[in-house]
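I opened this model to look up its cores and one of its sheets. My entries are below.

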Amino acid sequence: MCFTKKAKLGLGLCLLLGMAKLVLGVETITVAATEYPNGEILESAVKPLLAKQGYDLKIIYYPSYNDDRITFHQGPQINWQSTRLNPNFQVIDGKADANFFQHQAYLDEFNQNYSVNLLAVESVFYVPYGLYVAKGKESALVNTKNPRNIQSGSTVLIPDYFINEERSLHFLQNLHLLALESDSAHLNLQDITNNPYQLDIYKADSSLLPTMLDSQKADIVIMNSGQASRQGIVFNRAIIIEPQNSRYINILVTTKDNLNKPKLKALAKALHSEEVKKFIQTKYHGEVIPAF
């Protein structure tokens, strides 16, 4: 087929215009997320789904929830500017459309601490805490998986971050291993009102707990099953798994202004897709559990 010079120029112009339309038609969705498992889920399962709808998913990665930019302390915050790199402020400051790294307990605390009103869009998955026993310890508990068979005076390690400390204490209370002050706003070790098994409970940096379990620094360790797995403590080593609690389900979070935008609705729908559910179930083998 032959084209005149004029026809070739016209065809070239049409192709360029078509390409420009394609480029202009792609809308970016930016999400701040921890690498595991949130970022993995976004990259491997969500991004392809959004691409089919004309969205380009951009992820701002945080190494883990132990990142200094994520960890904050109870009470009024002193250094406001240093916290602007927190994934929540990335959304507030318009550097991200949404974030995907936290559970409702963290969000509630953050909103209260900073007098902001970020909103949960969807509940996506749950990473349970597990009760892990050091090798060679607590044979009766290991054999029966009955918390009542715990040895009196056992040493127990829990995470030191105040939200995780409270979560761990609730877990132990639900197992009837201790009782807690019901009126306390933020539960901590000082709120234990009854310790029938005389458990010797200590706090430690959550990132060190898997190593401390293997080095037998305690008889029992309460820790996040996902973090344990990433450091070589396989999921089935947990003797007892924490039951699902809506306060600790990982959520997609955004601002009120972003909530009803089409791209946020597309992102939320993709996160609740069968493709994402299958990806979570296949890849994480129970240490990450779909919440939809």
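These notes go from the cores to a strand and then to its sheet.

**Entry 1: the main core.** I am working on a predicted model. I started with the largest nonpolar core, which has 30 residues. I then asked which residues have the most contacts inside this core. They are Ile41, Leu42, Val46, Leu50, Phe100, Leu267 and Leu271.

Next I looked up which elements supply the core. Four strands each give at least two residues: β1 (27-34), β2 (55-62), β3 (98-103) and β4 (119-126). The helices α2 (35-51), α9 (262-271) and α10 (274-284) also each give at least two. Helix α2 supplies the largest share, with seven residues.

**Entry 2: Leu50.** What does Leu50 touch, leaving out residues up to four places away in sequence? I found Ile29, Tyr55, Leu57, Ala266, Leu267 and Ala270. Leu267, like Leu50, is listed among the residues with the most contacts inside the core.

**Entry 3: a second core.** I also found a separate core of 23 residues. Val133, Val156, Leu175 and Ile239 are included in this second core.

**Entry 4: strand β5.** Are the residues of β5 (129-133) buried or exposed? Five of the five are buried, so the strand is largely enclosed by the rest of the structure. I checked the side-chain directions too. Tyr129, Leu131 and Val133 point one way from β5. Gly130 and Tyr132 point the other way.

**Entry 5: partners of β5.** I looked up the pairing on each strand in turn. With β10 (residues 220-224), β5 pairs in the antiparallel sense over five bridges. In β10, Met223 is the bridge partner of Gly130. With β11 (residues 238-241), β5 also runs antiparallel, and three bridges join the two. Gly130 has Ile241 opposite in β11.

**Entry 6: the sheet.** In what order do the five strands lie? I read β9-β6-β10-β5-β11, an open sheet with mixed pairing. Why is one side of β9 (200-204) and of β11 left without a neighbour in the sheet? Both stand at the edges with a single partner strand each, so one side of each stays without a neighbour there. The twist averages 25° from one strand to the next.

**Entry 7: the helix on the sheet.** Last, I checked α6 (residues 162-174), a helix that packs on the sheet. Helix α6 touches β5, β6 (155-159), β9, β10 and β11. The direction of α6 makes about 135° with that of β6.

Note on methods. Residues are numbered from 1 along each chain as its sequence is written. This is a predicted model: local features need pLDDT of at least 70, side-chain atom pairs count only at pLDDT 80 or more; totals for chains, interfaces and linings use all residues. Side-chain values use heavy atoms; hydrogens and water are left out. A nonpolar core is a set of buried Ala, Val, Leu, Ile, Met, Phe, Trp, Tyr and Cys residues joined through side-chain atoms within 4.5 Å. Buried means under 20% relative accessible area, exposed over 50%, partly exposed in between (1.4 Å probe, protein chains only). Contact means heavy atoms within 4.5 Å. Two strands pair if DSSP finds at least two bridges between them. Axes are lines fitted to C-alpha atoms, for helices over the stretch in contact, and angles run from 0 to 180 degrees between N-to-C directions.
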